[in-house]
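Q: I'd like to learn how to read a few features off a protein model. Could you walk me through it, with the general idea before each case?

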Amino acid sequence: KLSIGAYITNLTQSRIGEDDEPLPTRLTAGLSYNPEKNIFITTELSKELEYATTWRTGLEYSFHGKVFFRTGFNLKPNAAFFGIGAHRKNLKFDYSVQLNDLTGAAHQASASYWFSQKEVK
């Protein structure tokens with residue numbers, strides 16, 4: 001029911017190019033919780049060395065494991081997210097929208113199909 005994770009990107013603080021420009025180093029820690037079979041709650045703190053800490057959190061509610069309603073938000077930069085998804089056998093559809101003051105509404109949609117694989121014994 002409870003999961004905790006953390007990771008660091010660019011731990012060695014590598015650089016790139018002729019100008020020896022540093023690649024971003026980011027520290028991220030997250031927590032997720034499934035209080036019920038159909039509810040998934042997650043939160044994450046992310047700190048890039050040169051910028052303020054970002055906090056993200058989200059909630060997913062599934063209806064019969066086939067229809068998914070999602071919402072969430074960011075702090076620094078501030079943004080709100082809403083989405084819906086549907087899964088049936090090997091087919092999956094998802095739609096989401098991000099709302100923020102800087103760019104307004106940004107929409108995203110995806111469709112996925114998983115091909116069946118034979119079991120290897």
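Predicted model: local features only at pLDDT ≥ 70, side-chain atom pairs only at ≥ 80, totals over all residues.

Q: Let's begin with charges. Which residues are linked in a network of salt bridges?

A: As for the general idea, side chains of opposite charge can pair when their charged atoms come close. Here the network links Glu-60, Arg-70, Lys-92 and Asp-94. Within that group, Lys-92 bridges to Asp-94, with the closest N and O atoms 3.8 Å apart. Lys-92 is partly exposed at 22% relative accessibility, whereas Asp-94 is buried at 17%. The cut-off matters for that call: buried means under 20% relative accessible area.

Q: How many salt bridges does the count come to?

A: The count comes to five. Among them is Glu-48 with Arg-26, whose closest N and O atoms are 2.7 Å apart. That pair links distant parts of the chain, since Glu-48 sits in strand E5 and Arg-26 in strand E4, 22 residues apart. Glu-48 is buried, with a relative accessible area of 17%, while Arg-26 is partly exposed at 32%.

Q: And which residue forms a salt bridge with Glu-44?

A: That's Arg-56, and the closest N and O atoms of the pair are 2.5 Å apart. Glu-44 belongs to strand E5 and Arg-56 to strand E6, so the bridge ties together parts that are 12 residues apart in sequence. Both partners come out partly exposed: Glu-44 has a relative accessible area of 23%, and Arg-56 has 33%.

Q: On to pockets. How much space lies in the largest pocket?

A: The idea is simple: rolling a probe the size of a water molecule over the atoms shows where empty space is left. In this model, the largest pocket holds about 350 Å³. Its lining has 21 residues, and Thr-42, Thr-57, Gly-58, Thr-71 and Gly-72 lie nearest the centre. Strands E5, E6, E7, E8 and E9 each give two or more residues to that lining. Sorted by class, the lining has seven nonpolar, 10 polar and four charged residues.

Q: Which residues line the second largest pocket?

A: The lining includes Gln-13, Pro-22, Pro-24 and Tyr-51, and also Glu-48, the residue that bridges to Arg-26. The volume of this second pocket is about 200 Å³. Its lining divides into five nonpolar, three polar and three charged residues.

Q: Last one, the surface. Which residues make the nonpolar patch?

A: For a patch like this, you look for nonpolar side chains that have accessible area and lie within 5 Å of one another. Here Leu-2, Ile-4, Leu-31, Tyr-33, Ile-41 and Leu-59 make a patch of about 570 Å². Strands E1 and E4 each supply at least two of its residues. Leu-31, for instance, is found in strand E4 and counts as partly exposed at 36% relative accessibility.

Methods
Residues numbered from 1 in each chain as written. Heavy atoms only, no water. 1 Å grid on protein atoms, 1.4 Å probe; cavity = no way out; pocket = protein on both sides within 12 Å on 5 of 7 lines; lining within 4 Å. Points joined across faces, edges and corners; volume = space filled by probe spheres on them. Helix = DSSP H or I, 4+ residues; strand = E, 2+ residues; numbered from the N terminus. Nonpolar A, V, L, I, M, F, W, Y, C, P; charged D, E, K, R; others polar. Patch = residues over 30% accessible without salt bridge, like charges linked within 9 Å, V, L, I, M, F, W, Y side chains within 5 Å. Areas by Shrake-Rupley, 256 points an atom, 1.4 Å probe, with all protein chains shown as cover. Salt bridge = Lys/Arg side-chain N within 4 Å of Asp/Glu carboxyl O. Buried < 20%, exposed > 50% of the residue type's maximum accessible area, 1.4 Å probe, protein only.
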